[in-house]
Amino acid sequence: QVQLVESGGGLVQPGGSLRLSCAASGSIFRLNVMGWYRQTPGKQRELVAVITSDGSANYADSVKGRFTISRDNAKNTVFLQMNNLEPEDTAVYYCNADGKLSFLSSFGSWGQGTQVTVSS
């Protein structure tokens, strides 16, 4: 089993910044793609940003230029630096990771979510 534990959410004013972290633990043979998704009530979960093991990143158009995803492969951790936050960024943010438990066994896991609220 692979566990993802997120931290760093909270309340911030418009224009402010937050940094989310997500640490993966368990019997991990290899981590492939790690990423962040977000969800608001009544809406589907949407991709925010993803990053491969070699550092290639992709972003939702709504966050390009404001959010930066990065990862520390040695610590199995992914980060999301969120700058110039807008009220529309308010959501529960979920960490996601996929990879291998062994040569033949794969996994995909979600974190428990962390609330980000952007409000004055």
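These notebook entries record what I looked up in the structure.

**Basis.** I worked with a predicted model, in which local features need pLDDT of at least 70 and side-chain atom pairs count only at pLDDT 80 or more, while totals for chains, interfaces and linings use all residues. Residues are numbered from 1 along each chain as its sequence is written, and side-chain values use heavy atoms, with hydrogens and water left out.

**Disulfide.** I searched the whole structure for disulfides (pairs of cysteine sulfur atoms within 2.5 Å) and found one. Cys22 and Cys95 form the link, with their sulfur atoms 2.1 Å apart. I noted an angle of -80° about the S-S bond, which makes the link left-handed. Cys22 belongs to strand β3 (residues 18–26) and Cys95 to strand β9 (residues 91–100), so the link ties together parts 73 residues apart in sequence. Strands here are DSSP runs (E, at least two residues), numbered from the N terminus.

**Burial.** I then checked accessibility, where buried means under 20% relative accessible area (1.4 Å probe, protein chains only). Cys22 is buried at 0%, and Cys95 is buried at 0% relative accessibility. In strand β8 (residues 77–82), five of the six residues are buried, so the rest of the structure largely encloses this strand.

**Partners of β8.** I looked up strand pairing, for which DSSP must find at least two bridges between two strands. β3 pairs with β8 in the antiparallel sense over six bridges, and Leu18 stands opposite Met82 of β8. Strand β7 (residues 67–72) also runs antiparallel to β8, joined by six bridges; Ser70 stands opposite Phe79 of β8. β7 and β8 form a hairpin with four residues between them, and Asn76 in the turn has a positive phi of about 50°.

Definitions and conventions:
Buried < 20%, exposed > 50% of the residue type's maximum accessible area, 1.4 Å probe, protein only.
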